[in-house]
Amino acid sequence: MFYPCSNKMDNKMDIPPHDPVRWFVMRDLKRSNARYPAYKQLSDMGIDVFTPMRWHIVNRKGKLTREEVPFLTDLLFVRSGRTVLDPIVEGIPTLQYRYIRGAYREPMTVKDMEMGRFIRAVRSSESPRYYLPEELSPSMFGREIRIIGGPLDGYEGQLLKLRGSRVKRLIVDIPGLLAASVEVNPEYIQFV
């Protein structure tokens with residue numbers, strides 16, 4: 001789910017011009033059933049947050065209800081500058097940056113274009129399916145396609161090959177972090 005910050009100027013946090021605004025990859029170490037997870041806290045502060053969500057059936061006081069919960073409870077993407085985020089990370093003990101392996105305390109970031117593409121694709125589908133990089137095998141990647149028309153006009157990628165599935169799904173990924181497959185109408189598919 002994408003939680004855009006408010007359009008009101010008084011809620012928008014001021015970011016100095018020398019501090020570039022980027023999508024930071026972060027982790028929330030709160031329990032999965034926490035009442036006020038970090039993505040809600042950050043959103044309430046006026047910061048852009050995206051966390052991949054899925055539908056889940058939960059038992060609330062003896063009743064089964066359908067709720068939208070994070071796909072990975074400890075993964076969120078936050079768009080802001082370091083000067084704004086650093087004090088927040090210090091103030092919330094369960095919120096941490098994810099760091100690049102092999103680099104000394106360099107936070108992981110995702111390019112605006114890649115993140116925008118991923119969010120747009122996920123929002124266009126009623127039921128996106130998420131995959132970790134190790135869950136996708138080379139045999140699951142199908143033909144190269146280009147989408148012509150519809151909400152994903154201009155997207156290029158590969159179809160997801162699943163045995164017995166009649167639904168065409170396009171794989172959209174954030175390299176090394178997360179992949180999603182979104183349903184595509186066959187009439188918009190052009191094979192490359």
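1. S181 counts as buried because its relative accessibility is 0%; buried means under 20% relative accessible area, exposed over 50% and partly exposed in between, with a 1.4 Å probe and protein chains only. The residue lies in strand β13 (residues 178-183). Leaving aside residues up to four places away in sequence, S181 touches S127, P128, R129, Y131, L160, R169, L170 and I171, contact being heavy atoms within 4.5 Å.

2. The model is predicted: local features need pLDDT of at least 70 and side-chain atom pairs pLDDT 80 or more, while totals for chains, interfaces and linings use all residues. Numbering runs from 1 along each chain as its sequence is written, and side-chain values use heavy atoms, without hydrogens and water.

3. An open sheet is formed by 6 strands in the order β9-β13-β12-β11-β10-β14, with antiparallel pairing. Its edge strands, β9 (129-131) and β14 (189-191), each pair on one side only. Strands (E, at least two residues) and helices (H or I, at least four) are DSSP runs numbered from the N terminus, and two strands pair if DSSP finds at least two bridges between them.

4. Strand β10 (residues 141-147) pairs with β14 in the antiparallel sense over 3 bridges. Q190 in β14 is the bridge partner of R146.

5. In helix α2 (residues 82-91), the buried residues are V84, L85, I88 and V89. They lie on the same side of α2 because they cover an arc of only 120° around the axis, taken from the directions from the helix axis to the C-beta atoms. E90 and G91, on the other side of α2, are exposed.

6. The buried residues of α2 pack against β2 (22-28), α1 (38-44), β6 (76-80) and β7 (95-97).
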